[in-house]
Every structure is written in C-alpha cells, then in structure tokens.
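Hi,

Here is the structure I promised to pass on. Have a look at it first, and then read my notes below.

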Amino acid sequence: MYGFHGRLLQIDLTSGKSSQHELQESRLRAFLGGIGLGTSLLYDYAPPGVEPFSPDNPLIFTSAPLVGTGLTTTAKFGVITKSPLTGFIGDSLSSSHFALELKRTGVDSLVITGQAASLVYILISDQKVEIRDAAHLRGKSPNETQAAIRAELNSPTIRVAAIGVAGEHRVRFATISNEGRHAGRGGAGAVMGSKNLKAIAICGDRVPLVCDSDGIAVIATRLRQRSLSSLTDKYRNIGTVANLAVFNRLGVLPAHNFQQSTFDDAEALSGETLSETNFARRHGCASCSIRCERLFKSLNGEEQRLEYETLFALGPLCGIKEPEAVLQAARLCDQYGMDTISTGGTLAWAMECAEKGLLPEAQNFGLCFGRPEGILSAIPIIAARQGLGALLAEGSRRAALEIGGDSSDWAMHVKGLELPGYEPRGLKTLALGLAVSPRGACHNRSGAYEADFSGEVDRLQSDSGRGALVAASEDYAAVLDSLIICKFLRKCFTDFYGEAAELLNRVTGWDCSASELGQIGERIQVTKRLFNQREGWRPQDDWLPPRLLSEALPTGVAQGVALTATELKEMIRGYYETRGLDENGLVPLKKLRELELFKPPADGIKSCQATKHDGY
Amino acid sequence: MNTPDDYERALQRWEELNGHKIKNDPVQCTVELFGMAQLLAKTKTISLALPQDATLSQLFFALAERLPILVGRVISPEMNKLASGCACNVNGLEFVRNPTAKVKAGDKVLILSADAGG
C-alpha cells in the first residue's frame, strides 16, 4: 500500500494495553484520511449513545495520505471524538511537526479509549507504546508540557500534543494543542482530560512509500509557486486578522454578543492597524510556504499569535477595543488550552445576562461589555472551573439552560457550538451552512460564506438554491480535510477535484477520478449526519439561535435586513433536497446504497441507520 | 501638469458659481482600500474623478495611475482589472465581478481580498 501504513493503533488506557489492527484499503479509499477516516472510525468505535466523558468514547487521531509528501500546507492531522459540547461529532484539525511525526509512527490512526487511574501521558517511540505517569505535568500549559517531556526524555525533537488546565478540568471547549496550534473546536481536550491523558509524545521513523515520488515533486513545485502568488497575499502579508476591517465595513462583524453587526472601535483592532503597531513576526507550520501565522507584540513585549476568530471573539464580541487586552486574553486561552471562539461566545453571553440582570454573579465579577478586566479574570476561573467559572466552562447552551429565563435566546450557538465571527443575517448562504453543519456553528467544515463574498449570489437575499451551494462547499471541504490540504491553499487550484485526484493517485497509485473524489466528500458528509442521527439528532438541531431570526441587522450598511424563519426553512429544504435526504433531514436507504454505506442488517429490520462499515 | 484633483476643484468652483451642474460632469467616487492594498498604498481611501459612464475597468486604470504601487499585486499588469486574489465591492453591499459594470457618482468602491477565510 502506498501513501498509508494500513495500520491502526488502539490504546486502552484502562488496561494500559495497546494493539495494532489492519486498516483495510477499501476503507481508506472510501474515506481517505484526516476528518474522513476519523468520521468513519468514530462511527464504528463509539458505542451508540456513548456519553462524551465515558471511557468508551474514543479519542481518535488520524493522519492522511498527503501528509509527509512535502506538498505545501499538508502537515496536518485530525482529532475526532464525540463532542462534549454538542453531543454530536466533534472533528478538529491541527497542524505542523506533530502531524509529520504522527505519520512516522507507522500507523494511520490512534484510537484511544478507556480511562487511566491517574494522570498519564502516552509515549509512542520506535513502534512501542508506553503509558507514563504525568502527575508532575498537572497544571502545565501545552507548551510547558512539551518542554517538560522533552527534558525528561532527553529528546529535543520529540513532538507533543497536550491539554492544558482546561482539559484537565473537562472544560467543554478545551483544546488539544501542539506547537502553538490547536485542535480547537468542540472540546476534544475535555475528552482527553476525561481519560486522565495529559499528553501524547511521539517519535517515529516509518515513512510510508509514495507511488510516484518524481511526479509528486513536480506538482509540489508547481503548488509552492502558486502558493506564493497574489492568491494568498492576504494570508502571507496580514494574516486572517485582515477580515476584521472588511467585515465591519460590510456590516457582518458580530459585536456585543450579536446585538451589533459593526463595532465602533474596529479601527483600533483592525489587522491593518495591528500590522502597523504590534507586528512582531511571521511564522508558519511545517511544510508550509504560505506561513499565515502572525505574531503580535503586547505591551510587555511578549509575542502572541492572533487569528481573526480569536480577535473577533475576545474583541468586538465582548465589546473589547484594546489590542493589548485581546492579546492577553488570547495568551491565557492558549496557556489553559481553551477554544477562543467558544470562550468569547460564552463570555459575551454572560455579559448580556449580567446586563439584563439574569446573572448577578457575572456582574459582580466585572463581566460587562467593553471591560477587559472582566474577561482577563474570568478565563482562569473557567479553566479551573472555580466559582462562576464552573458554569461558564459548560459553554453557553448548557449555562443558559441552568440560568433559565430568556437567557437561552442570547446563547449564540448551533448544536451547542458557539458561532464564529461571520454575521449570518448579512451572509445568508453562510447562515444555512451554520445551521446544517454536523459539528455545529462552524465556518470550516463548509466555506459557505464564499458564495456570499464572491458576488455569485446576493448575500442579503435567500433562496432554496443556496442548499446546493452549501452541499457542494461541504463536500469540497470534506475532501480538503481528509487529504489533508490547508484551506488557505484552496484558491491556488484551478480544477480542484481533477488536480486533487491526480495528487492522490500519484501518492497512492490508485486510479481515483475527480468524480469519485467528489463522491468521497459526499460520503464523509453523509456519514457525519448518520453519526449525529444515531446520537439523537433532531430536525430542530439544524437551526439558528432565536436572535438571528427575530432581530434585523442592528447596525452597518445592511441595517434592517432580516433573516426570517421562513427563509431559513426554505434554504434548509433546498439543502435536504440537494443532499438526497428526506424532508426531515434523515438519510434514506437510497442514499446509503448510493454511497455504498448500507449493509443489510442481519436481523432483517429495515432502518435508516447505517450498520457498521464492515465492508470497509 | 494638471492632476485629476485640479480638474475636480476647478469644476466644483464653476458649479458653485453657476448654481448648477455643468455638462460632462465627471463622476466622483471614492475607493476604499483594505488589507494588502491599504498597506501598499499607505492610505485607506482615495477620491477619483472618472468620465461619465465610466466602468470599473476605467476606475482600476485611474487607480493604477494614481497608485502605481498597486499594479501587479492588487491591480492586474494591464491595469484594467483586479489581480487574482482581490475582489471589489460597491458601497459595502454588492460584490461586483464584471469590470464593465458602470460606476455611479458617489459610489464607494471597496478593494479587498477575495478570500474571506479566517
């Protein structure tokens, strides 16, 4: 087999035992690697209805066929589990050297189950698995954990993915972090913490064979050249923080917990301003020519990576205008290992509750829009689940259910996952993308906003045709996330499916066509829905927060534009139709057969649910 | 040599004197620069006076003449369209892909990255 090892490593932390299993080529061809492979494995390894913090909930790490080939932006890995924030699939990507090292371990996936009796870390080296005591690592940040493990093993090149204090305390939006990158959304870090697993340290020397290394080298050169063209200028020269000023001008910058769609002080936080005043240096992942990361200097000279989503969530969403405060809040989230979007979203919800008299503890704590001290004090207590922090560590949906009153109306989430920094009322294709996304309010598993920003459609209007755009965008993202190729390279392809199929074939020796690749994307997406369906998904879970459907855009150029429930229903109907789902959004047998996901159940009972993918 | 700004001021003076608009009034519009365009140009906005019925293509040409630094990175080398990776929005509302679209008096034309990923 080329491009893959064809092996899976299962580690049971309860027994301390590990075992390797074959990964059949048919499964790899059906789901590729990364998010696709992880989705397929989650379906099979998670017992139906498993509690996210149960030892039985598998925490799955996946590599992918393009990883380690030298192709730009492909040093990535997937982390897939049942999310403690949403109760549905939680799939994240992280990147850089850990991804390359994971590939060298000689397996395509780690499946971690069970729960250790005390805090441990896993060491995988020379094909051996060792479970080691991690009591001395308790309370350390992911960076400190890597440094400590390297020192302990006297191995400066070993790669570590770790949780911070938030993961140890099962904060439902805790991250798994490596080299300053994060498997961020959905709380995989909390699942890792629930297993008493502080870190995974890996060092390998097994590189899978590539079928046509000369052919890959030619494509790698071509892609690298394209990655340095004006197509990626934004990422290379300002970074994602460039979004802030543009979104503000277009009236789609959520502020004050989505009570505003512009931010009066956006100028102070814009990427252009930060580039002039706080820029420290540019950094990149391993094997990446784009190098999108921007590090900014705070007042005391410390460097902090900042992305648009972090800037939005800890800035305008909470009414914070001081760059120094946002940088400090971002630093705290990184140290404790917390998803910045959900952190900002939950804090903004608490601020609104405090403003409206529903959460006096938050008000007493100083959680008010525009007050940096409030968020800087709150982040550590969330990470440690102390006092008010214990409530906020549950995320906005659960916290609102506990507080009651109208507070659920102000919890800006889909399926429990807090919204990213794109205002759905002014980006109606995105609105649909967020509503139907299997992992919740996610801007990464589909690029639905691209249609809104392209001029292909009127971003302020809606129609049932948006369903086809969202479905196509999801399939495309699923393929990117499973090969894996960074989305910041996506515009460098002129015929994505054709070029990606060629890449895949040169790595694996397969004869995968562009259309087969497209179908793989659809299969991955439908399998995510199947998983959610099995775990209790209901049609009302494909929906948006009440505020977005009852209040028109409050500020900005599109002030007064609304998104109605009728519009959203119509877009969802169009999406289900395009996807071949039934009118309730369930996956019918016909679709399962079409995607080769259906195996007749042994008991003869017909069901809309796929059976295990034994065929793969 | 007179600049477009000189003509703009002169025409404005005649308008004020006569109390009405003169024939062939140039189209005044504002270009707002974001991201790379702003960093390269070291300015956020620029006013342009264009002929009646001017198109976006003509606007890009006029902009390139005023800010040659944008040619290649933001405006295509032919100076009649945007470079790959850049996009154009009119008045914050409509993304316009067709360079033959007409520019109206008072339009604010935003030049930004075509990639909204974050």
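**The sheet and its helices**

Chain A holds an open sheet of six strands with mixed pairing, in the order β2-β1-β6-β3-β4-β5. At its edges are β2 (17–22) and β5 (89–95) of chain A, each pairing on one side only. From one strand to the next, the twist averages 20 degrees. This is a predicted model, where local features need pLDDT of at least 70, side-chain atom pairs count only at pLDDT 80 or more, and totals for chains, interfaces and linings use all residues. Residues are numbered from 1 along each chain as its sequence is written, while chains are lettered from A and ligands numbered from 1 in the order in which they are written.

A few terms: helices (H or I, at least four residues) and strands (E, at least two) are DSSP runs, numbered from the N terminus. Two strands pair if DSSP finds at least two bridges between them. Residues are in contact if their C-beta atoms, placed from the backbone, lie within 7 Å. Axes are lines fitted to C-alpha atoms, for helices over the stretch in contact, and angles run from 0 to 180 degrees between N-to-C directions.

Now to one pair of strands: β3 (residues 59–62) and β4 (residues 76–82) of chain A run antiparallel, joined by three bridges. Phe61(A) stands opposite Val79(A) in β4(A).

Which strands does α2(A) touch as it packs on the sheet? They are β3, β4, β5 and β6 (109–113) of chain A, and the direction of α2(A) makes about 25 degrees with that of β4(A). Helix α3 (residues 97–104) of chain A also packs on the sheet, touching β3, β4 and β5 of chain A, at about 80 degrees to the direction of β4(A).

Happy reading!

Technical notes. Two residues are in contact if their C-beta atoms, placed from the backbone, lie within 7 Å.
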